[in-house]
Amino acid sequence: MIKLNVNGKRRSFSGPLFKRLIDVLREDFRLTGTKEGCGEGECGACTVFLDGEPVNSCLIPVAHAEGRKVETIESLANAKKLGVMQEAFLKRGGAQCGICTPGMVMTAEYWRRVGGSPEPEAIRNVLAGNLCRCTGYQHIVDSVIEALGRRRKKARGQKA
Amino acid sequence: MPAVGTSARRYEGPEKLSGRALYLDDHDIPGCLFGVTLRSEIPRGRIKNVVFDRAFPWSECVVATAEDIPTNIVALIEDDQPLLADGIVRHALEPIALIAHESREKAYEALRFVRVEYEELPPVLTIEDSLSRREILYGSDNVFKRYLVRRGDVEKGLRESPVVVEGEYRVPHQEQAYIENNAMAAWWKDGALTVMGSLQCPYYVHKAMKKLFGLSDGQVRVIQATTGGGFGGKEEYPNMIGGHAAALARKAGRPVKIVYDRSEDMAATTKRHPAIVRHRTGLSRDGRLIAQDIQVLMDGGAYVTLSPVVLSRGTIHAPGPYECPNVRVDASVLATNTPPNGAFRGFGAPQTLFAAELHWEKIAAATGIDSLSLRRKNAFREGSVTATGQVLKESVGAREVLDLAVGKSGYLKKRSSYKRWNRDPKKPCWKGIGLALVHHGGGFTGSGEVYLASRAAVSIGRDGLVRVLAASTEIGQGTNTLFSQIVADALGLPRDLVAIENPDTAKVPDSGPTVASRTCMVVGGLLRRAADDLRSALLEAAGGSIPQSRSKLRQAAVRLCAGEKERRFEASYEPPAGVHWDDKSYSGDAYAVYSYAAVAADIEVDKTSFEVRVRKITTAQDIGRAINPLLAAGQVTGGTAQAVGWALYENVVMKNGRMTNPQLTNYIIPTALDTPPMDVILVEKPFSGGPFGAKGVGELPMDVPAPAIAAAVHQATGILIPELPLIPETLHRYHDQTQRQR
């Protein structure tokens with residue numbers, strides 16, 4: 001049996017050890033926010049955090065997550081309020097059809113948590129593993145800048 | 001405060017951002033089986049035998065073949081395409097049989113235990129091959145459809161032209177590459193069928209199911225699940241997959257879900273039509289158009305599907321947004337033994353506009369007049385007459401968008417500074433900036449909208465909730481948000497009091513397909529009219545003013561509903577006054593109005609690797625009125641990125657009639673790093689026939705970047721490459737040829 005922590009909850013899985021993490025999340029835990037776009041690690045729609053690092057959950061056998069912390073898109077918002085990054089995507093038009101969005105937001109959220117640079121080139125670089133066919137990325141980059149800007153404003157506000 | 005003209009937040013945005021939105025594969029359908037498709041391995045042949053290996057436990061599966069389909073025809077324009085191949089296969093990956101199993105894994109495994117024995121026939125794989133009529137696949141000449149547009153006397157015009165410039169241009173397939181693959185589910189209850197899925201056109205699927213299974217209107221229900229992108233790729237193909245799921249579900253007596261994986265989706269489903277376009281253009285010495293003789297040839301694939309209408313749009317847009325007294329466009333779409341090509345954003349126009357626009361570079365070289373001046377001399381203005389004889393009466397932004405793109409990009413200055421830069425052999429790259437100007441007709445072509453006779457409605461319930469009822473789907477482009485803005489303003493209500501009914505044929509009228517840049521302009525117009533009627537009724541019920549709070553609205557609604565559950569106000573399509581089209585002569589008002597766009601593409605080419613990098617795209621687009629500027633800009637940036645992909649990266653490699661690179665690993669769509677920063681200028685030349693002045697925006701951005709990029713590559717390398725994609729291999733080949741010729 002595989003034991004892992006998913007979105008702060010202890011979960012266990014007793015199926016095939018090589019079942020893909022994405023399938024365990026979607027089928028066994030009914031966390032369908034994580035999407036499959038290609039099944040070969042190209043599109044990044046299935047991005048989740050494994051111990052805080054973004055990974056393609058379609059390339060990870062569930063056994064690899066034994067004893068580790070998994071975070072999915074469902075962890076970023078509560079029933080009433082979106083997270084900072086999600087709110088920024090809503091305001092700046094970073095989501096269109098929405099299928100790449102969970103993975104895109106997770107990668108962007110990673111960048112926010114590690115204190116990544118708000119320069120457009122740096123943001124494009126970190127998002128290069130997440131494909132979007134709708135937006136042309138510009139509004140996604142704007143969304144990430146918006147979310148990072150808020151953090152910086154907040155930080156400045158605290159200092160003062 | 002009016003909602004129209006504001007960047008109101010995406011209506012379904014919170015669901016999508018939180019991961020709560022349910023796409024088809026996210027739905028937990030009790031008792032559902034998983035369906036897979038057995039497909040042809042060869043492009044053309046007779047099926048001699050389908051052998052099911054006894055090593056597999058077939059009793060666990062449900063299998064459907066052509067015999068299980070009451071009327072084995074996928075209804076669209078012609079009745080030539082079967083749901084499952086019956087005795088003969090006409091393209092690689094054509095569906096032959098279906099298998100359903102409780103386990104997705106087992107269903108795929110079962111496919112490996114089926115062997116098809118064929119008697120192979122010689123396949124026809126290219127446009128040239130089809131034209132040669134070595135093998136006849138369709139009718140007497142392999143031509144699915146031919147159109148002829150004529151204005152003036154083109155032969156006389158060419159004879160009298162002091163300058164005649166000829167060119168041939170080729171454009172390839174393109175895969176829509178929505179990130180959600182095709183997915184449909186179906187179930188039966190008491191002889192009635194429900195189909196749910198990722199789709200653009202609920203009533204197309206509705207019509208197809210009726211025909212396949214001999215059902216009445218009321219026996220079929222089609223529901224749209226949240227849809228992860230379409231771009232045309234989910235216009236007609238859901239008829240096929242929906243039919244497959246329904247056939248399996250009918251036989252199994254249980255729900256069946258079919259979700260393609262990426263490779264199957266890319267290899268088997270529709271793509272943009274490849275095309276060959278030839279121009280013979282006559283001009284005066286000072287660069288005025290005298291004659292345009294244009295031949296268009298498209299590859300339709302194995303069945304007619306939507307090819308006639310794709311060709312129609314390609315034909316009408318072929319001359320570009322320019323006035324010319326003598327025009328002939330002779331266009332045909334041909335049958336080949338390849339998977340049918342279909343709808344993809346732009347719908348034939350990007351193909352012919354690529355040729356029309358890049359041809360100006362050739363004309364510039366021949367006349368010694370730069371392509372910007374040539375465009376300015378000939379571009380449409382109010383009062384211009386098009387090749388089909390349409391007089392452009394209003395909302396003609398061609399010149400404005402051109403001037404804005406030129407001005408904002410620093411085109412003239414860069415053009416000359418790059419010329420100097422490129423003379424220096426020590427520089428590691430060549431630089432170039434190129435232009436293109438296009439138009440795109442909004443709505444269905446010709447009498448299309450009249451035949452569609454779309455209907456849309458607005459209702460108010462006793463609970464005071466205003467609902468938008470339309471079959472137009474939200475596929476990322478913003479349908480929900482735009483409709484809520486249009487209806488809120490027409491009613492004079494805050495936007496949060498307007499709800500959008502999910503497209504479901506049991507609940508919404510047929511507002512036509514979600515295609516052809518028609519959703520906002522045409523269906524939005526119907527909703528505005530329906531909302532106007534509701535407003536009048538509401539004013540009366542509320543005693544002269546529209547209630548602004550939910551509770552007051554509820555009181556008025558109770559009076560208005562007078563005991564009924566809801567009151568519904570419906571509007572149906574009426575052609576704008578003075579619009580005429582003649583299908584026989586293919587002349588008249590091809591579209592109610594055109595949108596216009598110009599791009600300046602600023603690029604560099606690495607001298608060692610021949611990679612093209614787009615540094616910046618500057619684009620101005622006249623869309624009448626931006627109902628929601630953020631969403632409109634999102635359409636422009638998204639369409640531009642798809643066009644950058646088509647121009648530079650996306651390479652469908654066909655071998656023996658099948659795509660050999662059906663993976664996102666080797667079919668390259670642009671990443672955030674490949675996509676340039678974009679400067680988007682929205683130009684608003686209002687159209688009196690659109691809601692709040694709006695015209696179409698969905699497809700326009702796809703039409704314009706590719707020829708601008710090719711023109712920039714021309715400046716950078718000195719080579720006019722008349723084909724796409726401009727991958728390093730293509731540049732290298734042309735560069736070598738040019739070197740040898742020197």
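Two strands count as paired when DSSP finds at least two bridges between them. Keep that rule in mind while looking at this model, which is predicted.

Start in chain A. Strand S3 (residues 47-50) of chain A and strand S4 (residues 53-56) of chain A are joined by four bridges, and the pairing is antiparallel. One bridge links A:Leu50 with its partner A:Glu53 in S4(A). The two strands make a hairpin, with two residues between them. In that turn sits A:Asp51, with a positive phi of about 50°.

S3(A) has another partner. Two bridges connect S3(A) with strand S5 (residues 69-71) of chain A, again antiparallel. Here A:Phe49 is opposite A:Glu71 of S5(A). What holds such neighbours together? Strands of a sheet pair through backbone hydrogen bonds, in either a parallel or an antiparallel way.

Now move to chain B. Seven of its strands build an open sheet with mixed pairing. Read across, the order is S3-S5-S1-S12-S9-S10-S11. Strand S3 (62-64) and strand S11 (220-224) of chain B are the edges, as each pairs on one side only. From one strand to the next, the twist averages 25°.

S3(B) runs antiparallel to strand S5 (residues 95-101) of chain B, and three bridges join them. B:Val63 has B:Ile99 in S5(B) as its bridge partner.

Helices pack on this sheet too. Helix H5 (residues 202-213) of chain B touches strand S10 (192-197) and S11 of chain B. The direction of H5(B) makes about 150° with that of S11(B). Helix H6 (residues 237-252) of chain B lies across several strands, including S1, S3 and S5 of chain B. H6(B) runs at about 40° to S9(B).

Last, follow chain B to helix H14 (residues 479-491). H14(B) has 13 residues. From first C-alpha to last, H14(B) reaches 18 Å, close to the 18 Å expected at 1.5 Å a residue.

Is this helix enclosed or open? Of the 13 residues of H14(B), 12 are buried, so the helix is largely enclosed by the rest of the structure. Among the buried residues are B:Leu482, B:Phe483, B:Ile486 and B:Val487. B:Asp489 and B:Gln485 are buried as well. The cover over the buried residues includes strand S17 (455-461), strand S18 (466-469) and strand S19 (498-500) of chain B. Helix H15 (519-542) and helix H17 (629-648) of chain B also belong to that cover. Just after H14(B) comes B:Gly492, with a positive phi of about 75°.

Definitions and conventions: Residues are numbered from 1 along each chain as its sequence is written. Chains are lettered from A and ligands numbered from 1 in the order in which they are written. This is a predicted model: local features need pLDDT of at least 70, side-chain atom pairs count only at pLDDT 80 or more; totals for chains, interfaces and linings use all residues. The expected span of a helix is 1.5 Å times one less than its number of residues. A residue is buried if 20 or more other C-beta atoms lie within 10 Å of its own, exposed if 12 or fewer, and partly exposed in between; C-beta atoms are placed from the backbone. Two residues are in contact if their C-beta atoms, placed from the backbone, lie within 7 Å. Axes are lines fitted to C-alpha atoms, for helices over the stretch in contact, and angles run from 0 to 180 degrees between N-to-C directions.
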